[in-house]
Amino acid sequence: MLLTIETTHRPATDLGYLLAKHPDKCQTFPLAYGSAHVFYPEVAEDRCTAALLLDIDPVGLARGHRWGRNSDGTLARYVNDRPYAASSFLSVAIAQVFGSAMKGVSKDRQELADTPLPLDARLSAVPSHGGEYLLHGLFEPLGYQVEARRIALDTTFPEWGEGYAFELRLQAEVRLADLLTHLYVLIPVLDDQKHYWVGDDEVDKLLEKGGDWLRTHPMREQITLRYLKHRRSLYRDALERLMAGDDPESEVREVEKEQEEAVLECSMSLSDQRLGAVLAVLRDSGATHVLDLGCGEGKLVGALLKEQSIARVVGVDVSMRSLERASDRLKLDRMPEMRRKKVALFQGSLTYRDRRFSDCDAACAIEVIEHIDASRLGAFERVLFEFAKPPTVVITTPNIEYNVRFASLPMGRLRHRDHRFEWTRQEFRFWCAGVAERHGYGVRFLPIGPEDPEVGSPTQMAVFRK
Ligand code: SAH
């Protein structure tokens with residue numbers, strides 16, 4: 001999958017400053033399922049082209065189970081268009097590799113970042129089951145001149161006919177940030193199948209990225225619906241907020257914005273990936289009764305409630321405020337009786353023995369242990385592994401080694417003010433191995449988020465099985 005962005009603005013080489021990628025370098029960035037390469041095929045004063053080449057690993061993708069779960073038969077999981085076609089993987093790569101440019105921020109050329117420039121973007125293969133009409137319908141209202149050429153399925157077998165992918169060229173005088181944002185939102189809309197789990201966060205993401213231009217776009221309904229992967233309730237919520245022009249949850253979101261951790265991690269939608277990974281492990285474990293320890297605002301609880309195989313979900317948190325927000329977010333008071341019966345939220349602490357923690361077959365502590373004083377970890381260990389002892393335990397925590405990859409995080413700072421510690425991979429493994437041995441569990445470790453060859457992945461996960 002190849003995206004090139006060209007400008008004829010002079011000096012065209014300033015494109016390097018805007019993208020924060022040096023035109024003389026060829027750089028590679030690790031992604032969850034492959035890597036992204038950035039290089040410049042053409043560098044001159046009057047014309048400069050930057051290229052983003054996505055190299056998706058289809059086998060890694062199939063193993064990750066996040067894509068192709070529902071595809072018909074095993075072969076389609078390995079043989080598919082994901083490595084070639086522009087999809088949500090490209091959006092994630094854009095956000096990750098050109099994050100500051102997409103936000104419209106430039107350290108060295110802020111004025112230029114704020115200025116519309118002559119830009120020419122080409123995408124090698126954009127799936128559009130809606131045909132050429134959809135490509136024109138999506139990009140032309142945003143001011144682009146659109147050229148789309150349908151790609152033959154296979155030129156060696158012309159009798160197979162045309163495929164559903166298009167070579168796409170978009171030209172306009174726009175800010176670079178606008179171009180990147182339009183691609184970020186509209187590519188998954190065209191592809192219509194997201195590789196990651198779509199949760200409530202996606203509404204926020206869509207409103208944040210699309211707020212201004214989406215409100216007046218003639219195809220806003222289709223965009224919203226497809227972007228939110230046809231989840232009707234999210235769609236209605238997003239559209240209402242979009243049209244109202246204000247955000248009923250703005251206060252809550254302000255608070256969330258203050259949380260450096262969320263801001264740091266959002267560019268790579270790490271929380272989505274974390275949720276997806278935890279759900280995959282829980283599905284795999286066959287658990288039906290899940291305890292979410294330190295449930296916060298109830299994201300995992302909400303996701304579990306939608307799983308058919310789950311009969312009961314219990315969320316526990318020490319913070320009353322978090323529980324109230326969870327209850328609001330889940331709309332507990334308006335939940336249909338059948339579903340309401342499946343869920344319980346209560347206040348409790350993970351470091352005190354509690355009978356209500358028993359009789360579940362899986363317990364999760366997602367981004368929680370780092371909030372517990374190290375001196376209380378022993379108590380937490382006993383409460384969970386000695387007394388509650390569910391057959392499956394899932395624990396995730398930040399990998400401190402990865403912090404050097406967050407450009408905006410000052411050296412030596414933890415990701416969140418309330419974190420009592422953050423561990424290296426070795427420290428986490430050491431603690432988990434000890435816990436497993438003391439209580440008769442087996443434990444395996446899985447990375448969450450893009451894996452860096454040197455410092456590992458941003459989140460680390462341990463899965464204990466009895
Ligand atoms: N699991 C959630 C929230 C993580 S933030 C998610 O992934 O989104 C950590 C949460 O742990 C906070 O809601 C905090 O109130 C809770 N917490 C911290 N110490 C706790 C303790 N000792 N007992 C119960 N909850 C605790």
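Visitor: What makes α8 largely enclosed by the rest of the structure?

Guide: Glad you started there! This is a predicted model, and in it 15 of the 16 residues of α8 are buried, so the helix is largely enclosed by the rest of the structure. A residue is called buried when its relative accessible area is under 20%.

Visitor: How do you know that the length of helix α8 agrees with what it should span?

Guide: Helix α8 runs through residues 176–191, which is 16 residues. The expected span is 1.5 Å times one less than the number of residues. For α8 that gives 22 Å, and its end C-alpha atoms are 22 Å apart, so the two agree.

Visitor: Which residues of helix α7 are called buried?

Guide: In α7, residues 131–139, they are G131, L134, L135, G137, L138 and F139.

Visitor: What do the buried residues of α7 pack against?

Guide: Their partners are the strands β5 (117–127), β6 (145–152) and β7 (162–174), together with the helices α8 and α10 (220–227). Contact here means heavy atoms within 4.5 Å.

Visitor: Why is H419 called buried?

Guide: The cut-off for buried is under 20% relative accessible area. H419 has 6%, so it is buried. This histidine lies in the loop between β12 (392–398) and α19 (425–439).

Visitor: What makes the pair H419 and E422 a polar contact?

Guide: A polar contact needs N or O atoms within 3.5 Å, one able to donate a hydrogen and the other to accept it. The side chains of H419 and E422 make such a contact at 2.6 Å.

Visitor: Now to the ligand. Which residues are closest to the ligand?

Guide: The ligand is surrounded by 14 residues, and the closest are G294, D317, V318, L350 and I366. By type, this shell divides into 5 nonpolar, 7 polar and 2 charged residues.

Note on methods. Residues are numbered from 1 along each chain as its sequence is written. This is a predicted model: local features need pLDDT of at least 70, side-chain atom pairs count only at pLDDT 80 or more; totals for chains, interfaces and linings use all residues. Side-chain values use heavy atoms; hydrogens and water are left out. A residue is near a molecule or strand if one of its heavy atoms lies within 4 Å of it. Ala, Val, Leu, Ile, Met, Phe, Trp, Tyr, Cys and Pro count as nonpolar, Asp, Glu, Lys and Arg as charged, and the others, Gly among them, as polar. Helices (H or I, at least four residues) and strands (E, at least two) are DSSP runs, numbered from the N terminus. Buried means under 20% relative accessible area, exposed over 50%, partly exposed in between (1.4 Å probe, protein chains only).
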